[in-house]
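Trainee: I have a model open and would like to learn to read its features. Where do we begin?

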Amino acid sequence: MTTTTIDKNLDHLARGILSRPGRLLIAGKWVSGASDELADVINPATTDVIGEVSIARDVDVDAAVIAARRAFEDGPWPRMTAGERARLIWKLADAIDGHSDELATLESLNGGNPFESNRQFDVRVAAERLRYNAGWTNKIGGMVPLAPTHGELFSYSMREPVGVVGAITPWNAPLIMAVGKIAPAVAAGCTIVLKPSELTPFTALRLGELAMEVGFPDGVINIVTGFGADVGQALVNHRDVNKISFTGSTRVGKSILAASADRLKRVTLELGGKSPIIIFPDADVEAAARATVAGIFFKSGQFCAAGTRVFAHRKIYDRVVAEMARVAKSVRIGDPLEVGTDMGPLISAAQLARVEAYVDGARKAGAEIVAEGGDTVGRGYFHPAMVLGGLKVDASAMQEEIFGPVLCVSAFDDDGGLDEVIKLANASDYGLAAYLWTRDVSVVHRMARSIRAGSISVNGARGAGNEGLPFGGYNQSGIGREGGSLGVEGHTEIKTVNIAI
C-alpha cells in the first residue's frame, strides 16, 4: 500500500524546540537545570531519540516556586485588571491557533498520536479551553446576603486566588493537559509551576515560549521538567505551593494526597477510569459498535475516560461483537505522521509490556480474543486494537485500568429490570465516565441517576472538549472537578467579611 506522509515541515522544528538543549522556564528566563543532567526523549513510533529534556532537581523547583510566589505577591500580575488578564489568555489561544500544524506535529513525534487527530482535537480544544477560561476573569465573585440574620451588619463573601499552583501532567495528551492546568489557574489570578511528563515535554515547553512571546509577566508561568519521583515530589512537598493539580494514575494520586495532608494543601486529582459501555437491545447496534471501537483506538486507548468494559444485551450481543470485529480489523496502525493512520503506538516499551501482560493474563483467565485489528509495524511500541470476550466481572482486565487499545465485552440480561446491568456498571473501584446506547429516554434517565460516574454520554454524544461542563470522577477516579465554573473556583479561597454599621 502506498502511503503519503503529511507535509510536516520538520526543518523549522529541528531548528526549534527539538534541537534546543534541555531548559527550564523560571522567572521568564530559559535556564539549564542546576545539575546540567539531560534525558533522551523518544519517538514511540520509531524508538529514535528526538531530543533531550532537562532533569530538574529540588533547587530548580525551589527557584521556580520562588519566582511564582514573587509574581503572585509583588509582580504586575496581582495589579492587572481582569480584562488585561483575559486579553493575555486570549492572545495565547490565538498563538496556539497560529502554530497548530507545528504543535500537532510535536504531539505526533513525541506522543505517537495521529497528526490529524492532534490538529482537529488536541490543538483546537487547547485554544478553546484558554478562551473559555479567559471569560471567567471578571466573573469570579462572592455574594452579599439579602439581609443580615442579626444585628446591624454589612456582610459579604469574596473569592481570592489560592496562590501558587503546582501542576503535574501526564503523557497521553500533553498539550491539552498543560493548558487544562494553566488556563483556570491564571484566570483565577494564580501563578503556576508546571511539571510535564518527562516522556512528552515538548509541547509544554513550546507553550511556555508562546506564553512569553504574547506577554505573560515573568514568573506567572514556570515550567520544570524531570521525573515525578524527584520534581513532582518536590512540588508536592514545597511549603510555598498552595495547591496541587494532578492528572495521572490513581496510585500516584493517592501518594500526592497523603503527602499533601501535613499542610492540608489544596488538591485536585483527576485519576484513572474503567468506564462501562452499555448497549441496550433497542440501540443502533452498528453505530454503537463502531463508536466503541473508535473510542478505544483514540490515543491508542491511553485515555482516562475511555470506555473499556462493554456490556451488550444478550439479544444483540452477537451482532455487536460481529460489528466490533469488522471495525477492529479495518483499523490502520502506523506512523502518526502518515495520512490515513487511525492509531499510533503506545507511549513506551514499559506501557507496551503492561498491555501485553493484561492480555496474557486475560487469556489465562479464559478470555477469548473475539476481534483483533491492525498489523503492528516498524520498531515502534505498537499494539493491535483488541476485543476480549468471556471474562468474569472480577477479572483483572475487567477491573483494572489497562490504558491500551483493549476492550472487554460481555452479555447481560434484564429479566429482573435494570438492576443487573446497574450492578455491573458500578462493579468497579473507579467512576469517571459511562456510555449508554438506547432510544428509551426513561432508561437513559434511570441509568444516569444510578451509575456512579462523573460523566454520562448517551448515543455517541461527546463530552470531551465541552469547556463549560465539569469533568472528574467518583470513587478512586479522583477528587474535585476540572472545567466549567468549578475548574476556576477550585483555584480560589472563599473569605467572609462582616462589618458592623
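**Domains, core, helix and salt bridges**

Mentor: The protein is divided into domain 1 (6–271 + 478–497) and domain 2 (275–458); these bounds come from an automatic or database domain assignment. This is a predicted model, where local features need pLDDT of at least 70 and side-chain atom pairs count only at pLDDT 80 or more, while totals for chains, interfaces and linings use all residues. Residues are numbered from 1 along each chain as its sequence is written, and side-chain values use heavy atoms, with hydrogens and water left out.

Trainee: How many residues of domain 1 are in contact with domain 2?

Mentor: Contact means heavy atoms within 4.5 Å. By that rule, 30 residues of domain 1 touch 25 residues of domain 2. The domain centres, taken over C-alpha atoms, are 31 Å apart.

Trainee: What area is buried between the two domains?

Mentor: Buried area is the accessible area (1.4 Å probe) that two parts lose on being put together, summed over both. Here it is about 2100 Å², and carbon and sulfur atoms give 62% of that. Between domain 1 and domain 2 there are also 2 salt bridges.

Trainee: What should I look for in a nonpolar core?

Mentor: In soluble globular proteins, nonpolar side chains tend to be buried together. A nonpolar core is a set of buried Ala, Val, Leu, Ile, Met, Phe, Trp, Tyr and Cys residues joined through side-chain atoms within 4.5 Å. Buried means under 20% relative accessible area, exposed over 50%, partly exposed in between (1.4 Å probe, protein chains only). The largest core here has 57 residues; Ile96, Phe216 and Ile221 touch the most other members.

Trainee: Which residues is Ile96 in contact with, leaving aside its neighbours within four places in sequence?

Mentor: Among them are Leu103, Val123, Ala126, Leu130, Val179 and Leu210.

Trainee: How do I read a helix such as α2?

Mentor: Helices (H or I, at least four residues) and strands (E, at least two) are DSSP runs, numbered from the N terminus. The expected span of a helix is 1.5 Å times one less than its number of residues. Helix α2 (residues 58–73) has 16 residues and should span 22 Å; its end C-alpha atoms are 22 Å apart, which agrees.

Trainee: Which residues of α2 are buried, and what do they pack against?

Mentor: Buried residues of α2 include Asp60, Val61, Ala64, Arg69 and Phe72. The buried residues pack against elements including β1 (24–26), β5 (153–161), β7 (191–195) and α8 (228–237).

Trainee: And salt bridges?

Mentor: Side chains of opposite charge can pair when their charged atoms come close. A salt bridge is a side-chain nitrogen of Lys or Arg within 4 Å of a carboxyl oxygen of Asp or Glu. The structure holds 28 of them. Take Arg69 and Asp240: their closest N and O atoms are 3.2 Å apart. Arg69 lies in α2 and Asp240 in the loop between α8 and β9 (243–247), so the pair ties together parts that are 171 residues apart in sequence.

Trainee: Are Arg69 and Asp240 buried or partly exposed?

Mentor: Arg69 is buried at 14% relative accessible area. Asp240 is partly exposed at 29%.

Trainee: Which parts of the chain does the Glu489 and Arg159 pair link?

Mentor: The side chains of Glu489 and Arg159 form a salt bridge of 3.8 Å, N to O. Glu489 is in helix α16 (residues 484–489) and Arg159 in strand β5, 330 residues apart. Glu489 is partly exposed at 26%, and Arg159 is partly exposed at 24%.
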